[in-house]
Every structure is written in C-alpha cells, then in structure tokens.
Amino acid sequence: MPSGRAHVACFPTADALMTDAAGRFVSVAAQSVRDNGRFAVALAGGSTPRGLYELLATPAYADRIDWQRTHVFWGDERCVPPDDPASNYRLARATLLDRVAIPDENVHRIRGEDAPDDAAAAYERELRLVLDTPDGPPSVGPGRRLDLVLLGMGSNAHTASLFPGLAAVRERKRWVMAEHVVDVAGWRITLTPPVLNAAAQVLFLVAGADKAATLRRVLAGPTNADVLPAQAIAPGEGTLTWLVDTAAAAALEAKGERPWR
Ligand code: 6PG
C-alpha cells in the first residue's frame, strides 16, 4: 500500500461513482476559487472519465463552476493530433469543454502533434507559468499547485502515461516527460510524480472488472512503483482518494480487504 493519506470509496455502479466524482469536482473548484482566485485541474485520459465529463457539462454541475477562473490541463496525452480519436484532449473537448464557457486561453492542451520532447518542454513551461513556479521543484503553496488531478488506472497499473519500467516513473526533477511506450507502441507525454504529488487533491477513477486484480495489487499488495506505477502517486501535502466501483473492487472484497470501511 503506497504511503500518504489514501481514502477509498466504493460505489455499486460506475454511474454512482461518476456522480460522486462530479460533486467532488464542483466542490474543489469552488473552494479553490474562494481560496486562490483560480481552479487548476489536470484531467484524466482514457475512456473511464467520459461519463464524468458529460455529467460536468450538464447545467446541474456546469452552472456551479466558475469557468472564467478555471484552468484545464491534462495528466497525459498521446502523441497524436488534437482531432485524432485517440487524443485525450479531443475526448475532453467533445464531452465537456465545447459545452461550457471556458475561455480558450484557460485550456492548456499538450501539443501531441509536435515532436514529443518539444511538446513536453512547451507543456512544462506553460504549466510552470500558470502555477507561478518558473523553475525548481513543484510548490505545494496555495495557488501554486494543481488543485485537483483526475487519474485513471490501466490494467497494468499505469496511470497518466506512467507505464511500468519507464524512466518517467522515477523522474524527480522534470514535471513533464515524453517517452516511447512499448506497451502501446507509441509516444506518450505525461506529468511526472513530483508535480502530480504536489497536487492538493488527487482523485483516481477506477471502474470495471478488468481492473480488479490490479486494483488489489496496487491498494493491498507490496509497494513497487516501477511495476505498479499507480503506487507512485502519494501526494505529500494533499489528499489521495480512490473512487472505485464494486466490479473493480471485487478482488479486494473476495480477500476481505475492504479499505473503504
Ligand atoms: C491514457 C490515460 C490512462 C488511462 C488508463 C485507463 O491516456 O490512456 O491517461 O492513464 O487513465 O489507461 O484507461 P481507461 O479509462 O480507458 O480504462
């Protein structure tokens, strides 16, 4: 079990999980604007968060978020053009950002169409600028860190694009790295553990039976982030919450390991 204050909440369905996540998103956004005059969030890629983004775009949630003071980043991106079906930016654009009044300049996408190392360097510069940390390690000061990071987890325990065995999992200085990932036969750009772990709140969204065996290893097994990169996420000054559905929690349940109660 990774260090840090991890809280696990288990929901009967993925829909119930996304409803809870949407409520948390709105709450953190409001608190961040009250405290710091701004809400900086890093969105997750993959398919799991689609339901959350669609929910956040409905008036019941969108009307409670100050989009003028919201800055959107991504935890990772595939090295593809922004209109590519594989693009994490495209998913968030189509399901959320095109449906709310967020200023274009507040959407900080990773330029997946550019040379990977150039795109990673440019994204780090942009993130550092918004977080007012031009150089050095990430700050945990209010208004100078990501207020919320949304993460998914692959069935091989990768998160963002921190894949097993990659140098990015062990990176301690750079905030953003580009690496070729054999597992997906392509280049990826990812935030690294230092900047993810400086966040005020990190929220994992894990649903589906295909994640059950891995979720148990990550939450209840020995810590080895090189093999289980999701274990590299342990915010030092922030909170770590896992929102899981019962299908993803089945292996934990079967072993009587119920970290949610
Ligand atoms: C990506 C994501 C990645 C994702 C996991 C889970 O770019 O693919 O950032 O970390 O969260 O692969 O993906 P699913 O939600 O599709 O299972």
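This is a predicted model: local features need pLDDT of at least 70, side-chain atom pairs count only at pLDDT 80 or more; totals for chains, interfaces and linings use all residues.
1. The ligand sits in the largest pocket.

2. The space in the largest pocket comes to about 290 Å³. Its lining is made up of 22 residues, and those closest to the pocket centre are Gly45, Gly46, Met153, Gly154 and His158. Two elements, β4 (76-78) and β5 (148-151), each give two or more residues to this lining.

3. By class, the lining of the largest pocket holds nine nonpolar, nine polar and four charged residues.

4. Which side chains place a polar atom at 2.6 Å, 2.8 Å or 2.9 Å from a ligand oxygen? For Arg78, a polar side-chain atom lies 2.8 Å from an oxygen atom of the ligand. For Asn88, the corresponding separation is 2.9 Å, again from a polar side-chain atom to a ligand oxygen.

5. How much of the ligand's area does the protein bury? On its own, the ligand exposes 410 Å², and 88% of that is buried by the protein.

6. The second largest pocket has a volume of about 190 Å³. Helix α1 (residues 14-36) supplies the largest share of its lining, with six residues. Residues lining this pocket include Ser27, Val28, Gln31, Ser32, Asp35 and Asn36. Also in the lining are Pro142, Gly143, Arg145, Asp147, Ala200 and Gln201.

7. Sorted by class, the lining of the second largest pocket has three nonpolar, six polar and three charged residues. Among its members are Asp35, Arg145 and Asp147.

Terms used. Residues are numbered from 1 along each chain as its sequence is written. Side-chain values use heavy atoms; hydrogens and water are left out. On a 1 Å grid over the protein atoms alone, a cavity is a set of points where a 1.4 Å probe fits but cannot get out, and a pocket is an open set with protein on both sides within 12 Å along at least five of seven lines; lining residues have an atom within 4 Å of a point. Grid points are joined across faces, edges and corners, and a volume is the space filled by probe spheres set on the points. Helices (H or I, at least four residues) and strands (E, at least two) are DSSP runs, numbered from the N terminus. Ala, Val, Leu, Ile, Met, Phe, Trp, Tyr, Cys and Pro count as nonpolar, Asp, Glu, Lys and Arg as charged, and the others, Gly among them, as polar. A polar contact is a pair of N or O atoms within 3.5 Å; within protein, one must be able to donate a hydrogen and the other to accept it, and residues adjacent in sequence count only if both atoms are side-chain atoms. Accessible areas come from the Shrake-Rupley method with a 1.4 Å probe; for residues, only the protein chains shown count as cover. A molecule sits in a cavity or pocket if more than half of its atoms lie within 2 Å of its grid points.
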